[in-house]
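Open the model in your viewer and keep the selection tool at hand.

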Amino acid sequence: MATVEKPQTELVTLEIDGREVQAPKGSMIIEASDRLGIDIPRFCYHSKLSIAANCRMCLVDVEKAPKPLPACATPVAEGMKVFTESRRAVDAQRGVMEFLLINHPLDCPICDQGGECELQDLAMGYGRSVSRFTERKRVVKDKNLGPLVATDMTRCIHCTRCVRFLEEIAGTAELGGIGRGEKTEISTFVERNINSELSGNIIDLCPVGALTNKPFRFSARPWEMRARASVAGHDCLGSNLFYHVRGKKIMRSVPRDNEAVNECWLADRDRYSHFGLEAEDRLTTPRIKVDGRWQEASWDEALAAAQRALKGTVDTHGAAELGALISPRATTEEHFLVQKLVRALGSDNIDHRLRLNDFSHPQAGRAHMDIASRELSDRDAIFLVGSNIRHDQPILGHRVRTAWRKHGAKVMDLNPAHYDCHFDLSERLIVPPQAMVAALARVAAAVFEKAGKALPGDALGALIKAHALDADARAIAERLVAAERGVLLLGNGALSHPQAASLRRLAEAITQAADCALCVLPGAANSQGAWRVGAVPSGAGLDARAMLERPRQGYLLWDVEPGFDLADPALAHKALSSASSVVAVTPFVDSQLAELADVLLPLAPVPETDGSYINLDSLTQNFDAALKAPGQARPGWKILRRLGEMLELDGFDFVDLAPVREAIEAAGAIEVAAAEPAELEAPTDETLWRIGDVGIYSTDSLVRRSKPLQASEHVSDLRVRLHPATAERLGLGEAPSLRVRQGEAEVSLEWTTDERIAPNAVWLPAATCAANTLGPSMGPITVEAGQ
């Protein structure tokens, strides 16, 4: 990677209200005043958005200027003198406020924005006590923007923050202004929902009550709630947020500023997932299965049953017959205590990498960051491999878009489908999953050729050499080698690929030859924390897939729903059904888990527990419980403390998390057991492979139960999709449904053709009710016309 020196910034000196300040040449007066802590009223200005200067509330008095100037759109100049509280400035601001209030409804008592409304606050300082406007106020019809954002457009003051956000940050341009003058309205262009994965941010940006949180609507006042700082647990970034709590319920969540992580934005998945805590299948009482029927039990009874199940497996069948499958969304402390407990019982069968199909790379599923995630915003060439970054990591998708929008980055991708991107792609390689290794090998060959470097003399070099170059590979290689700040992003699709190790090794070779950065982006929230504390198999231990291919006699499932959270639901069901005992620690219980488990212990998930996450940048973020869990549900570390004591294991006599965190700091690295690469049949022109991506709102049990998110259009259409050429080759014709088979598993599903899907591939998302009995999320699949 080339090192680029930052150019020196030229500074100018100006005076604001008699105070001298230096500011970068070309910056605006309002930025300099904010740096001094001098408050200038504003509505349309936002530091992350382009300058509109259409609210005029920030008018200030500039020496020698013939009239007040907008502070947000007036560049600083050497020797400039600015007055924010002069008679001329204040009169201008009061005049603007009077115009803004002319058509604004007097409905503060019933407005959700009441108590945190910027217009309300500024009207107290700059508004008149009596209106001079006697004509009829205008009324604007409300718009239906979908299940997440509610509208009261009569309140809109046309600041256009929402319009600019959706156009510049979200990249969807779903809102715009129509009409002129007083008749101007902010609306969607064709009367449709807002489908951006970042849409909730327009609620935070709106300075009035025109755009509000629809699921939260009319449920609480800001002064009734307490803000609890926390960390989002639905992707590897760990966005910072506040949960607003009233009584025993989270009412809403809002972003917490952290420029290094999520800036000031929050993905909808993180904003609305907490509604899943109220799901009807929430487990609030321990249960034990007696003679095939579930019975509620006390914690002492349930923990005794769990202790007998785990100890009985070890004593009767040997420690190697016990396996632990842990959700990567568990806290770092829970990962540490689970692996400590299972290893103390003599087993090394521990894994959190539930969605992986290939474990042959020693770092399989682990993040790797040559640059910090925030530095993605200033790259000049970005190569996405197996990544739908806009849905997998929405905030990182925003950073890629920023690099493209502000720095002209050339973005390229290698994927099995034409994912909807909010940035232009310079080059696209759309191939079926079975051809991804060959396609990336061709890119690697082109990179080595362009960089003038010799191929490795090992099996990887032989793999690269075996694939002939083509024009697409050469075009990508040329951009990567020429880039000063290039980066290759390896995403979820690559990590869950049955040949993930080959893809990762090729990516490593490409970045070394092209002298660019490599970033491996695991999809799960706390996979870095799990790796850090050893929640992976060591020695002769079995990985997640091996534990199911060679069924164990006993399993400990930690926040795992077998049909949704594992790479191969059919294999998981078969293995768990054959086990002598299954202990499940879970916040929810679906029908499949109720069928397979023998003991159910109610778990308090994040945000109902204390703990920490380690994100892809290896940043440890601690958080406290936002509220107490309902019923008898308990935090995971408390459950493990009791269980460890009952099993008479050392190191489980703590009373809070401080000793656990000290033990984590003192613990050494664990040598991971890498599996042998699976032998896959060479694909032919007639081979079909499944594309089993996990949908943006299917990632974990909490998201899957959030009603607002499940009402989104992102989960409304779950039909099987095939390229028209593939459908024609298979002779599917006008069949109303398809019989889809993977191994012994078969389902009948509706289908459609879609040119965005690569030929010889079948789009069938994982972690859905339609696919929770099928086989691997990515691998061979058979389809034929149904009746």
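Across the whole of this predicted model, a search finds 48 salt bridges. Side chains of opposite charge can pair when their charged atoms come close.

Select Arg545 and Glu549. Their side chains meet in a salt bridge, 3.0 Å from N to O. Both sit in helix α17 (residues 544–549), four residues apart, about one turn of the helix. Is Arg545 buried or exposed? Arg545 is buried, because its relative accessible area of 19% falls under the 20% cut-off. Glu549 is partly exposed at 46%.

Now pick out a network. Shared partners link Asp281, Arg355, Glu561, Asp565, Arg704 and Arg705 through salt bridges.

Move to helix α15 (residues 500–514) and select Arg504 and Glu508, which are four residues apart, about one helical turn. A salt bridge joins their side chains (3.8 Å, N to O). Arg504 is buried, with a relative accessible area of 5%. Glu508 is partly exposed at 25%.

Next, select Arg379 and Glu375. Their closest N and O atoms are 3.9 Å apart, in a salt bridge. Arg379 is buried at 6%, while Glu375 is partly exposed at 32%.

Now go to the largest nonpolar core, which has 72 residues. Phe43, Phe165, Leu175, Ile202, Ile382 and Leu489 touch the most other members. Colour helix α4 (161–169) and strand β18 (381–385), among the elements that each supply at least two core residues. Which element gives the most? It is α4, with five residues.

Zoom in on Ile202. Its contacts beyond its sequence neighbours within four places include Val149, Phe165 and Leu211. Finish at another core, apart from this one, with 43 residues, among them Leu310 and Leu601.

Technical notes. Residues numbered from 1 in each chain as written. Predicted model: local features only at pLDDT ≥ 70, side-chain atom pairs only at ≥ 80, totals over all residues. Heavy atoms only, no water. Core = buried A, V, L, I, M, F, W, Y, C linked by side-chain atoms within 4.5 Å. Buried < 20%, exposed > 50% of the residue type's maximum accessible area, 1.4 Å probe, protein only. Contact = heavy atoms within 4.5 Å. Salt bridge = Lys/Arg side-chain N within 4 Å of Asp/Glu carboxyl O.
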